Amino acid sequence: MAINPEISVVVPVYNEEAVLDKLVARLLPVMDGLNRSYEIIFVNDGSKDKSAVLLHKLHHERPDHIRVINFNTNYGQHMAFMAGFEHVRGDKIVTMDADLQNPPEEIPKLLAKMDDGYDVVGGFRQYRKDRLWRKLVSKLHNRLRAAIMPRIKMEDEGCMLRAYSRKVVDLMVASGESNTFISALALLYAENPIDVPVKHEERGAGESHYSFYKLIRYNFDIITNFSLVPIQIFTFIGILVSFCSTVLVIYMFIRRLVVGPEAQGVFTLFAILFLLMGIC
């Protein structure tokens, strides 16, 4: 393998012992068939099964092409990608999931677009094989993101089968972001991005690691990380509460002068409390 291969593939792994052999059996022939120098970086994201053992074995079988990064605990998919980015040596970097829902056979399609001059190539899944509720959550969030984050333009933010230029990856690493969504972050630095349709398959084995709660939290993180809209909404609510409280304070002051003390100042106390809440 060349000291600086042309292509780097980064694959986070979390409890994927049942599918790793299948993944490598499909991924290696695809990369070999490109006739271009490459490396595959597996990031073991604190797996509790035998994934670490299998990755160690794969590295010793193909040390010229397979590298492994081990986390001592689970930090999350996007942190795993960022760790891989810190160690890539290629000029073109491909990311994908380990569960085989991203078919490795689609990688040449992404690289062909990069050869055409695009610096970020995002895949969007055709005929998704996910459960109905996952499709609905993804569809709703894609629409919400497009509405409040117009500068982040991507067809399918949940698809991790993507390709990035080395320049974009280096900028992401230099940003120092430790809790981010790499697909959106990359588009902030991209000069010529494009989305292409890719196939989507059933998981090679096991169940998705994203529960309904994790998907909602993950989508919330994207919105709060890349948009000022949530802050603006809460700021507007605070201003509105403060304004209404000020009006109430003035009203209670005038009423006290006209009517006299009532209820031992309870309503005045509430008015001042709401005013302070709005300011905070």
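Mentor: The account below starts with the sheet and then turns to the helices.

This is a predicted model, in which local features need pLDDT of at least 70, side-chain atom pairs count only at pLDDT 80 or more, and totals for chains, interfaces and linings use all residues. Residues are numbered from 1 along each chain as its sequence is written, and side-chain values use heavy atoms, with hydrogens and water left out.

Helices (H or I, at least four residues) and strands (E, at least two) are DSSP runs, numbered from the N terminus. Seven strands form an open sheet with mixed pairing, in the order β3-β2-β1-β4-β6-β5-β7; two strands pair if DSSP finds at least two bridges between them. The edges are held by β3 (66-70) and β7 (193-198), each of which has a single partner strand, so one side of each is left without a neighbour in the sheet. From one strand to the next, the twist averages 20 degrees. Angles here run from 0 to 180 degrees between N-to-C directions, and axes are lines fitted to C-alpha atoms, for helices over the stretch in contact.

Helix α1 (residues 20-33) lies across β1 (7-13) and β2 (38-44), and runs at about 160 degrees to β2. Helix α3 (residues 77-87) packs on the sheet as well, where it touches β1, β2, β3, β4 (92-95) and β6 (162-165), and its direction makes about 150 degrees with that of β1. Contact means heavy atoms within 4.5 Å.

Helix α1 also packs with helix α2 (residues 51-61), at an angle of about 30 degrees and with their axes 11 Å apart. That makes α1 roughly parallel to α2, since angles under 35 degrees count as roughly parallel, over 145 as roughly antiparallel, 65 to 115 as roughly perpendicular and the rest as oblique. The crossing of α1 and α2 is right-handed; a crossing is right-handed if the near helix is turned clockwise from the far one by less than a right angle, and left-handed if anticlockwise. L20, D21 and V24 of α1 make this contact with S51, L54, L55 and L58 of α2. By class, the contact of α1 with α2 has five nonpolar, one polar and one charged residues, where Ala, Val, Leu, Ile, Met, Phe, Trp, Tyr, Cys and Pro count as nonpolar, Asp, Glu, Lys and Arg as charged, and the others, Gly among them, as polar.

Helix α3 packs with α6 at an angle of about 115 degrees, their axes being 10 Å apart, and this crossing is left-handed. M82, F85 and E86 in α3 meet V169, M172 and V173 in α6. The contact of α3 with α6 has five nonpolar, no polar and one charged residues.

Helix α6 (residues 166-175) packs in turn with helix α7 (residues 182-189), at about 110 degrees and with axes 9 Å apart. That makes α6 roughly perpendicular to α7. The crossing of α6 and α7 is right-handed. On the α6 side the contact residues are V168, L171, M172 and S175, which meet I182, L185, A186 and Y189 in α7. They divide into seven nonpolar, one polar and no charged.
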